Amino acid sequence: MGKVYTLPELPYGYGDLEPYISEQQLMLHHGKHHAAYVKGANDMLEKLDKSRKENGELDMKSALKSLSFNIGGHLLHSLFWKNMALKGRGGGSPGGALGDAIGKEFGSFERFRKEFTQAAASVEGSGWAALAYCKQTERPVIMQIEKHNTNVYPQFKILLALDLWEHAYYLDYKNDRAKFIEAFWNIVNWDEAGKRLEK
Ligand code: MN
(Lines give C-alpha, C1' and ligand atoms only; values in the text may rest on other atoms or scores of the structure.)
Protein backbone atom coordinates (compact mmCIF):
# COMPACT_ATOMS: atom_id res chain seq x y z
CA MET A 1 0.00 0.00 0.00
CA GLY A 2 1.25 3.47 -0.92
CA LYS A 3 1.18 6.78 0.88
CA VAL A 4 -2.07 8.48 1.86
CA TYR A 5 -3.31 12.07 1.87
CA THR A 6 -2.89 14.19 4.98
CA LEU A 7 -4.58 17.37 6.15
CA PRO A 8 -2.07 20.23 5.81
CA GLU A 9 -1.63 22.68 8.66
CA LEU A 10 -2.86 26.20 7.99
CA PRO A 11 -0.12 28.79 7.37
CA TYR A 12 -1.79 30.96 10.10
CA GLY A 13 -3.92 30.49 13.20
CA TYR A 14 -7.67 29.94 13.08
CA GLY A 15 -8.35 33.45 14.37
CA ASP A 16 -5.83 35.19 12.12
CA LEU A 17 -8.15 35.98 9.21
CA GLU A 18 -10.66 37.84 11.35
CA PRO A 19 -12.69 39.95 10.81
CA TYR A 20 -12.96 38.64 7.25
CA ILE A 21 -13.25 34.98 8.18
CA SER A 22 -14.12 34.14 11.77
CA GLU A 23 -12.19 31.67 13.92
CA GLN A 24 -15.19 29.36 14.17
CA GLN A 25 -15.81 29.46 10.43
CA LEU A 26 -12.20 28.66 9.61
CA MET A 27 -11.96 25.95 12.25
CA LEU A 28 -15.01 24.14 10.85
CA HIS A 29 -13.95 24.62 7.26
CA HIS A 30 -10.43 23.27 7.76
CA GLY A 31 -10.93 20.83 10.64
CA LYS A 32 -14.22 19.31 9.48
CA HIS A 33 -14.85 19.94 5.78
CA HIS A 34 -11.33 19.73 4.42
CA ALA A 35 -10.58 16.84 6.79
CA ALA A 36 -13.60 14.99 5.40
CA TYR A 37 -12.22 15.21 1.84
CA VAL A 38 -8.87 13.84 3.02
CA LYS A 39 -10.63 10.97 4.75
CA GLY A 40 -12.91 10.40 1.75
CA ALA A 41 -9.94 10.16 -0.62
CA ASN A 42 -8.03 7.80 1.69
CA ASP A 43 -11.09 5.62 2.27
CA MET A 44 -11.56 5.26 -1.47
CA LEU A 45 -7.88 4.39 -2.01
CA GLU A 46 -8.20 1.78 0.71
CA LYS A 47 -11.30 0.38 -0.96
CA LEU A 48 -9.43 0.15 -4.27
CA ASP A 49 -6.46 -1.54 -2.56
CA LYS A 50 -8.75 -4.04 -0.87
CA SER A 51 -10.64 -4.83 -4.03
CA ARG A 52 -7.41 -5.40 -5.96
CA LYS A 53 -5.98 -7.59 -3.23
CA GLU A 54 -9.09 -9.76 -3.14
CA ASN A 55 -9.54 -9.50 -6.89
CA GLY A 56 -13.08 -8.29 -6.12
CA GLU A 57 -15.65 -6.43 -8.18
CA LEU A 58 -15.89 -2.66 -8.00
CA ASP A 59 -18.22 -0.11 -9.55
CA MET A 60 -15.40 1.81 -11.24
CA LYS A 61 -17.56 4.72 -12.32
CA SER A 62 -18.81 5.46 -8.86
CA ALA A 63 -15.43 4.74 -7.23
CA LEU A 64 -13.58 7.14 -9.52
CA LYS A 65 -16.23 9.80 -9.16
CA SER A 66 -15.87 9.68 -5.40
CA LEU A 67 -12.08 9.59 -5.66
CA SER A 68 -11.86 12.63 -7.92
CA PHE A 69 -14.41 14.56 -5.84
CA ASN A 70 -12.42 14.01 -2.67
CA ILE A 71 -8.94 14.46 -4.15
CA GLY A 72 -10.15 17.60 -5.96
CA GLY A 73 -11.59 18.90 -2.69
CA HIS A 74 -8.35 18.17 -0.86
CA LEU A 75 -6.12 19.84 -3.47
CA LEU A 76 -8.32 22.90 -3.92
CA HIS A 77 -8.60 23.50 -0.18
CA SER A 78 -4.82 23.05 0.22
CA LEU A 79 -4.40 25.80 -2.37
CA PHE A 80 -7.14 27.99 -0.91
CA TRP A 81 -5.50 28.20 2.54
CA LYS A 82 -2.29 29.43 0.95
CA ASN A 83 -4.26 31.92 -1.13
CA MET A 84 -5.02 33.90 1.99
CA ALA A 85 -2.67 35.85 4.22
CA LEU A 86 -2.58 37.23 7.73
CA LYS A 87 -3.97 40.65 8.47
CA GLY A 88 -1.87 43.36 6.91
CA ARG A 89 -0.06 40.97 4.58
CA GLY A 90 -2.88 40.27 2.14
CA GLY A 91 -5.04 42.36 -0.16
CA GLY A 92 -3.92 44.95 -2.66
CA SER A 93 -2.88 43.95 -6.13
CA PRO A 94 -0.13 41.67 -7.46
CA GLY A 95 3.24 42.92 -8.64
CA GLY A 96 5.93 41.16 -10.64
CA ALA A 97 5.22 38.80 -13.51
CA LEU A 98 1.68 38.08 -12.29
CA GLY A 99 0.83 41.78 -12.08
CA ASP A 100 2.18 42.25 -15.61
CA ALA A 101 0.27 39.24 -16.96
CA ILE A 102 -2.99 40.42 -15.40
CA GLY A 103 -2.50 43.94 -16.70
CA LYS A 104 -1.77 42.69 -20.19
CA GLU A 105 -4.70 40.27 -20.28
CA PHE A 106 -7.41 42.28 -18.56
CA GLY A 107 -6.27 45.82 -19.23
CA SER A 108 -6.10 46.66 -15.54
CA PHE A 109 -6.22 45.03 -12.12
CA GLU A 110 -9.59 46.70 -11.50
CA ARG A 111 -11.03 45.04 -14.60
CA PHE A 112 -9.65 41.65 -13.50
CA ARG A 113 -11.10 42.11 -10.02
CA LYS A 114 -14.48 42.96 -11.49
CA GLU A 115 -14.51 39.90 -13.75
CA PHE A 116 -13.28 37.56 -10.99
CA THR A 117 -15.88 38.93 -8.58
CA GLN A 118 -18.62 38.32 -11.14
CA ALA A 119 -17.31 34.83 -11.85
CA ALA A 120 -17.29 34.06 -8.12
CA ALA A 121 -20.74 35.52 -7.52
CA SER A 122 -22.30 33.53 -10.35
CA VAL A 123 -20.88 30.08 -9.54
CA GLU A 124 -23.95 27.84 -9.56
CA GLY A 125 -24.49 26.04 -6.26
CA SER A 126 -21.27 24.64 -4.79
CA GLY A 127 -18.06 25.46 -6.57
CA TRP A 128 -15.04 27.67 -6.90
CA ALA A 129 -13.72 30.60 -8.87
CA ALA A 130 -10.08 30.37 -9.89
CA LEU A 131 -7.39 32.26 -11.67
CA ALA A 132 -5.36 29.89 -13.81
CA TYR A 133 -2.55 30.19 -16.30
CA CYS A 134 -2.27 28.60 -19.71
CA LYS A 135 1.34 27.77 -20.55
CA GLN A 136 0.61 27.42 -24.27
CA THR A 137 -0.81 30.89 -24.76
CA GLU A 138 0.97 32.38 -21.73
CA ARG A 139 -2.33 33.97 -20.77
CA PRO A 140 -4.04 34.03 -17.38
CA VAL A 141 -7.69 32.91 -17.42
CA ILE A 142 -10.54 33.04 -14.96
CA MET A 143 -12.46 29.82 -14.53
CA GLN A 144 -15.41 28.48 -12.61
CA ILE A 145 -15.16 25.05 -11.05
CA GLU A 146 -18.24 22.94 -10.40
CA LYS A 147 -18.08 21.20 -7.04
CA HIS A 148 -14.40 20.14 -6.95
CA ASN A 149 -13.94 19.09 -10.51
CA THR A 150 -10.92 20.78 -11.97
CA ASN A 151 -10.84 18.66 -15.09
CA VAL A 152 -11.98 21.40 -17.43
CA TYR A 153 -8.54 22.62 -18.45
CA PRO A 154 -6.17 19.81 -17.47
CA GLN A 155 -2.91 21.60 -18.19
CA PHE A 156 -3.80 24.94 -16.73
CA LYS A 157 -2.02 25.77 -13.53
CA ILE A 158 -4.31 27.22 -10.89
CA LEU A 159 -2.72 30.28 -9.32
CA LEU A 160 -5.56 31.34 -7.05
CA ALA A 161 -8.74 29.60 -5.94
CA LEU A 162 -11.70 30.95 -4.00
CA ASP A 163 -14.06 28.53 -2.28
CA LEU A 164 -17.71 29.46 -2.84
CA TRP A 165 -19.36 26.50 -1.20
CA GLU A 166 -21.81 27.71 1.45
CA HIS A 167 -19.68 25.94 4.08
CA ALA A 168 -16.96 28.52 3.33
CA TYR A 169 -18.98 31.54 4.43
CA TYR A 170 -22.41 30.70 5.81
CA LEU A 171 -21.55 31.13 9.49
CA ASP A 172 -20.11 34.59 8.84
CA TYR A 173 -22.19 35.93 5.99
CA LYS A 174 -25.28 33.69 5.83
CA ASN A 175 -26.48 33.75 2.21
CA ASP A 176 -24.62 36.95 1.34
CA ARG A 177 -21.94 35.49 -0.94
CA ALA A 178 -21.12 38.92 -2.37
CA LYS A 179 -20.04 40.13 1.08
CA PHE A 180 -17.73 37.14 1.46
CA ILE A 181 -16.15 37.78 -1.94
CA GLU A 182 -15.64 41.43 -0.99
CA ALA A 183 -13.97 40.31 2.25
CA PHE A 184 -11.69 37.91 0.37
CA TRP A 185 -10.07 40.79 -1.50
CA ASN A 186 -8.72 42.03 1.84
CA ILE A 187 -6.87 38.82 2.61
CA VAL A 188 -5.93 37.53 -0.83
CA ASN A 189 -2.27 36.47 -0.87
CA TRP A 190 -0.83 37.77 -4.14
CA ASP A 191 2.72 36.79 -3.22
CA GLU A 192 1.71 33.15 -3.15
CA ALA A 193 -0.17 33.39 -6.47
CA GLY A 194 2.85 35.13 -8.02
CA LYS A 195 5.16 32.38 -6.76
CA ARG A 196 2.94 29.74 -8.36
CA LEU A 197 3.20 31.55 -11.68
CA GLU A 198 6.97 31.73 -11.52
CA LYS A 199 7.39 28.02 -10.63
MN1 MN B 1 -14.56 24.35 1.26
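## Hairpin and aromatic rings

In the β1–β2 hairpin, four residues sit between the strands, and Glu-138 takes a positive phi near 55°. Keep in mind that this is a predicted model.

**The hairpin**

- Strands β1 (residues 127–134) and β2 (residues 139–146) run antiparallel, with eight bridges joining them.
- Across from Tyr-133 you'll find Pro-140, which belongs to β2.

**Phe-112 and Trp-185**

- A pair of aromatic rings is described by the distance of the centres and the angle of the planes.
- For Phe-112 and Trp-185, those values are 6.2 Å centre to centre and 85° between the planes, an edge-to-face pair.
- Phe-112 comes from helix α4 (residues 109–121) and Trp-185 from helix α6 (residues 177–187), so this pair ties together parts that are 73 residues apart in sequence.
- Phe-112 counts as buried because its relative accessibility is 0%, under the 20% cut-off.
- Trp-185 is buried too, with a relative accessible area of 3%.

**Tyr-173 and Phe-180**

- Tyr-173 and Phe-180 make a tilted aromatic pair, with 6.0 Å centre to centre and 50° between the planes.
- Tyr-173 has 14% relative accessibility, so Tyr-173 counts as buried.
- Phe-180 also counts as buried, at 1% relative accessibility.

**The ring cluster**

- Which residues do ring pairs link into a cluster? They are Phe-106, Phe-109, Phe-112, Phe-116, Phe-184, Trp-185 and Trp-190.

Methods:
Residues are numbered from 1 along each chain as its sequence is written. This is a predicted model: local features need pLDDT of at least 70, side-chain atom pairs count only at pLDDT 80 or more; totals for chains, interfaces and linings use all residues. Side-chain values use heavy atoms; hydrogens and water are left out. Rings of Phe, Tyr and Trp (its six-membered ring) pair if their centres lie within 6.5 Å; planes under 30 degrees apart count as stacked, over 60 as edge-to-face and the rest as tilted. Helices (H or I, at least four residues) and strands (E, at least two) are DSSP runs, numbered from the N terminus. Buried means under 20% relative accessible area, exposed over 50%, partly exposed in between (1.4 Å probe, protein chains only). Two strands pair if DSSP finds at least two bridges between them.
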